Amino acid sequence: MKKAMKKIVSVVLVLAILVLVMMYLLTAGRTTVTPSVNFGFKIIDGAGAYDESITSFEVGKKFYTCITIKLITNKKKAQDYSVVVEIPKTKEVEVKGMGGLEPDSNEWDEGQELTRLTFTMQGYKEATDEKILFYGTPTGEGEAKMTVHIYDKDGNEINAGYSRTIFFEYTLQE
C-alpha cells in the first residue's frame, strides 16, 4: 500500500511540474502591457494645471486637454504601440507645438463627427509618462465620450479602451 501511495504522489508531482513548465513556455515570449491613462482639462491658454474634475466646456470656445499615458511591459526592450484618441463633436483639434507627443495623423471623421488622433508610443519595463496635449473647439452641444485605444504591432487592442465623458454646452452654469 505504501509503494502505491508513493507512486501516486510521484506521478502527481511530475504532472504538476510538467504543467508549470508548459505554462512558463507558453507565457515566456509573450509581452504583457499595463497601461496607465489619465485625462486632465483646462479652459484657459498658458501656464496652469490640468484639472481632472472639469467636465463641461462651452460650445464655440477652446478647451485644452492633457492625456498622460504610461505603457509598462514585462520587457526591457522598447516596443512600439499605436495609441488612438477620439474626440467627439470637435472638428478642429490642434496638437502640433503643444509640447507633448506629435501625432502620426490628425483626421476628422465626418460620419462619426469626431477627430481621430493617432500616435506611436513605446512601452517597456521602465517606461515613463508621455503626454498628449491638444486643444479643440466643440462644434455641437451634448455628451461627448473621449476615448483612448492602445494597439500592439499586430493591430490587436491591448486594453478595453479608456474613456472620459465630458459635456459641451452653449452656456455654462456659473
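Are F63 and F168 buried or exposed? In this predicted model, F63 is buried, and F168 is likewise buried.

The secondary structure of the protein chain consists of 1 helix and 10 strands. Read from the N terminus, the order of elements is α-β-β-β-β-β-β-β-β-β-β. The radius of gyration of the protein chain is 23 Å, whereas the globule rule gives 16 Å for 174 residues; the former is well over the latter, so the chain is more spread out than a compact globule. Along the principal axes, the C-alpha atoms occupy a box of roughly 85 × 35 × 30 Å. Of the 174 residues in the protein chain, 32% are buried.

The structure contains 5 aromatic pairs. In one of them, the ring centres of F57 and F168 are 6.5 Å apart and the ring planes meet at 50°, so the pair is classed as tilted. F57 is located in strand 2 (residues 56-58) and F168 in strand 10 (residues 162-169); the pair therefore ties together parts that are 111 residues apart in sequence. F57 and F168 are both buried. For F63 and F168, the centres are 5.5 Å apart and the planes lie at 45°, so this pair is also tilted. Because F63 lies in strand 3 (residues 63-73) and F168 in strand 10, the contact ties together parts that are 105 residues apart in sequence. One aromatic cluster is formed by F41, F57, F63 and F168. A further ring interaction involves a charge: the charged end of K42 sits over the ring of Y50, at 4.8 Å from the ring centre.

The largest pocket has a volume of about 190 Å³. Its lining comprises T31, T32, V33, Q79, D80, Y81, D152, K153, D154 and I158. Strand 4 (residues 79-88) supplies the largest share of this lining, with 3 residues. By residue class, the lining of the largest pocket contains 3 nonpolar, 3 polar and 4 charged residues.

Backbone geometry was considered at two loop positions. Most residues other than glycine have a negative phi. K89, although not a glycine, has a positive phi of about 55°. This residue is placed in the loop between strand 4 and strand 5 (90-94). The relative accessibility of K89 is 21%, and K89 therefore counts as partly exposed, given that buried means under 20%. E113 is likewise not a glycine and has a positive phi, of about 50°. The position of E113 is in the loop between strand 6 (105-109) and strand 7. With a relative accessibility of 47%, E113 counts as partly exposed, since the exposed class begins over 50%.

Strand 7 (residues 114-123) includes Q122. At 43% relative accessibility, Q122 is counted as partly exposed. Between Q122 and E58, the separation is 64 residues in sequence and 35 Å in space, taken from C-alpha to C-alpha.

Key. Residues are numbered from 1 along each chain as its sequence is written. This is a predicted model: local features need pLDDT of at least 70, side-chain atom pairs count only at pLDDT 80 or more; totals for chains, interfaces and linings use all residues. Side-chain values use heavy atoms; hydrogens and water are left out. Rings of Phe, Tyr and Trp (its six-membered ring) pair if their centres lie within 6.5 Å; planes under 30 degrees apart count as stacked, over 60 as edge-to-face and the rest as tilted. Helices (H or I, at least four residues) and strands (E, at least two) are DSSP runs, numbered from the N terminus. Buried means under 20% relative accessible area, exposed over 50%, partly exposed in between (1.4 Å probe, protein chains only). A charge sits over a ring if NZ of Lys or CZ of Arg is within 6 Å of the ring centre and within 35 degrees of the ring normal. On a 1 Å grid over the protein atoms alone, a cavity is a set of points where a 1.4 Å probe fits but cannot get out, and a pocket is an open set with protein on both sides within 12 Å along at least five of seven lines; lining residues have an atom within 4 Å of a point. Grid points are joined across faces, edges and corners, and a volume is the space filled by probe spheres set on the points. Ala, Val, Leu, Ile, Met, Phe, Trp, Tyr, Cys and Pro count as nonpolar, Asp, Glu, Lys and Arg as charged, and the others, Gly among them, as polar. The radius of gyration is taken over C-alpha atoms; the globule rule is 2.2 Å times the number of residues to the power 0.38.
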